[in-house]
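Dear colleague,

Please find below the structure that I am handing over to you.

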Amino acid sequence: MKNTIAGMIDLLVTGGVVATVDAQRSVHENGAVAIDGDKIVAVGPAADLAAKFPARRTIDATGKIVIPGLIDAHAHAGHGLIKTMGGGDSNVWHDACERAYTVGSTEEFWHAEARLAALERLRFGVTTGVSLLGGGDTILRTDDPAYAAAHCQGVLDVGTRSVVAVGATRPPFPRTYARWTDGVRHDHDVGFEDQFATCRALIDEWHDKANGKIRIALITPTIRDEHLRDHSQAQIDEAIGHTRRLRALSRDRGILFTQDGHTTNSVAFAHRQGWLGPDMLLSHATDLTEREIAICGETQSAVVHNPSAIASVYGRCPAPELAAAGATVCLGSDATAPDRSGDMFRHMQQCMHYHRRHFRDSKVMPPGRVLEMCTIDGAKALGLADRIGSLEPGKKADLTIVDLRRAHLYPANMPLYRLVYFANGNDVDTVIVDGVVALENGKPVLADEAAILDAAQRETELMLDRLELRDLLRTPDDFWGR
């Protein structure tokens, strides 16, 4: 604990149900969390902590539940300004994303989208999120460090944490990207070496900066069966070579490595290449073979399960089986996208029903398990379990306080069950990140919500005009069904 005047701490959150998600899964029915600076100094019964820790400020959490800040381990930067465009036509929507992220976006676009996405996360109680800088393993805005820098600054403006995944797009190269100056488009060719240099520059400038709020991860395209079947050997070799270099860089710099869209045989392929390990995060991981499930456990690779994603419609992530094999399995939103938001309560509930339907067993994926998946297991997957993910002395003071005094959460009993089964992101009352109150009474404290919304609208309109995409805003003929 830092030196304080007259032994006072900075903040005491008291009077609520405190669910620590520590190793003992301790719950204090009338509990408190003592915070000094950016760290938790004590957790326990409210009466004990009030006597021991006089505080400069006290937050009364009576009628509320205090949990660790939620962790969203997979989402996409950029998508927040495109969302439902195309009306559910995946091909049209993906084409819009690709064009926006290569030739239609500016630094202002990425800054506005980052603030909007961070605000959404904050209001839903998410204190830490992974953001892939673009369309996953297809198109990343890594032709220049300026775009990721704009994203990072946008996150800091709102006050949340972000793990920003940058890396190489899928071959062939070069690809055409564009900068905009005074409304004029300037095209330039971008190769792998350009993207590799961007990644190194971003690691140097941003990794573990702002008191650890910003971290950089590296990403490369997943190599799946269809790529081995449909691409030339030269393109496959090129993709393997790129991944080897970025994977070596991730290990050399000690940062997270991730790949989006793993499915049958792609995990085994990555394992043969030597890419898996405790610092690896595999996204989706649907329809894995029994051997691939075992590989994830043997290599201690983490898997982020996105139960609300389209990938989980087309295939199943064997999350319970992966956990049983010894792999860390966390939860992601895969937001923002045409049919899903960053509300992790929604995804916890979707996760439970998804696997219970598969096994025809209502006891599969108990509520405490899914809460772990977006708290302590998310922290483990990101290599941050020593910092966040549970409410324990010495860890960062990242807390989410949910108001239980709501019609859908009453009567006032069984609070943990009510939290996981019935709560939604709009029940979040207060969010503390790094010891700083970033959301209070459901309103952002550090950022101007109206200004964030206005900037998001403005940059979306400009992007639509640049790319002549306004037709994507019309309601499709099949909106009401066929």
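This is a predicted model: local features need pLDDT of at least 70, side-chain atom pairs count only at pLDDT 80 or more; totals for chains, interfaces and linings use all residues.

Residues are numbered from 1 along each chain as its sequence is written, and side-chain values use heavy atoms, with hydrogens and water left out.

Pockets

A pocket is an open set of points on a 1 Å grid over the protein atoms alone, where a 1.4 Å probe fits, with protein on both sides within 12 Å along at least five of seven lines; lining residues have an atom within 4 Å of a point. Grid points are joined across faces, edges and corners, and a volume is the space filled by probe spheres set on the points.

The largest pocket has a volume of about 1,100 Å³. Its lining holds 38 residues, and those closest to its centre are H94, H284, I310, A311 and D334. Helix α2 (90-104) and helix α10 (311-314) each supply at least two lining residues, and α2 gives the most, with 6. Helices here are DSSP runs (H or I, at least four residues), strands are also DSSP runs (E, at least two), and both are numbered from the N terminus. The lining comprises 9 nonpolar, 17 polar and 12 charged residues. In this scheme Ala, Val, Leu, Ile, Met, Phe, Trp, Tyr, Cys and Pro count as nonpolar, Asp, Glu, Lys and Arg as charged, and the others, Gly among them, as polar.

The second largest pocket has a volume of about 230 Å³. It is lined by 13 residues, and R25, V27, G368, L371 and L416 lie nearest its centre.

Backbone features

The bond from F173 to P174 is cis, with omega near 0°, and P174 sits in the loop between β10 (161-167) and β11 (175-181). The bond from Y410 to P411 is also cis, with omega near 5°; P411 is in the loop between β18 (399-403) and α15 (415-422).

D334, one of the residues closest to the centre of the largest pocket, has a positive phi of about 55° although it is not a glycine. D334 belongs to the loop between β17 (329-331) and α12 (344-359), and it counts as buried at 7% relative accessibility. Buried means under 20% relative accessible area, exposed over 50%, and partly exposed in between (1.4 Å probe, protein chains only). D434 likewise has a positive phi, near 60°, and is found in the loop between β19 (428-433) and β20 (436-440).

A buried arginine

R215 lies in strand β13 (residues 214-219) and is buried, with a relative accessible area of 13%. Leaving aside residues up to four places away in sequence, R215 touches S162, V163, V164, H207, D208, L384 and R387, where contact means heavy atoms within 4.5 Å.

Cysteines

How many disulfides does a search of the whole structure find? The search finds 0, a disulfide being a pair of cysteine sulfur atoms within 2.5 Å. For C152, the nearest cysteine sulfur, that of C199, is 12 Å away. For C330, the nearest cysteine sulfur belongs to C374, at 9.6 Å.

With kind regards
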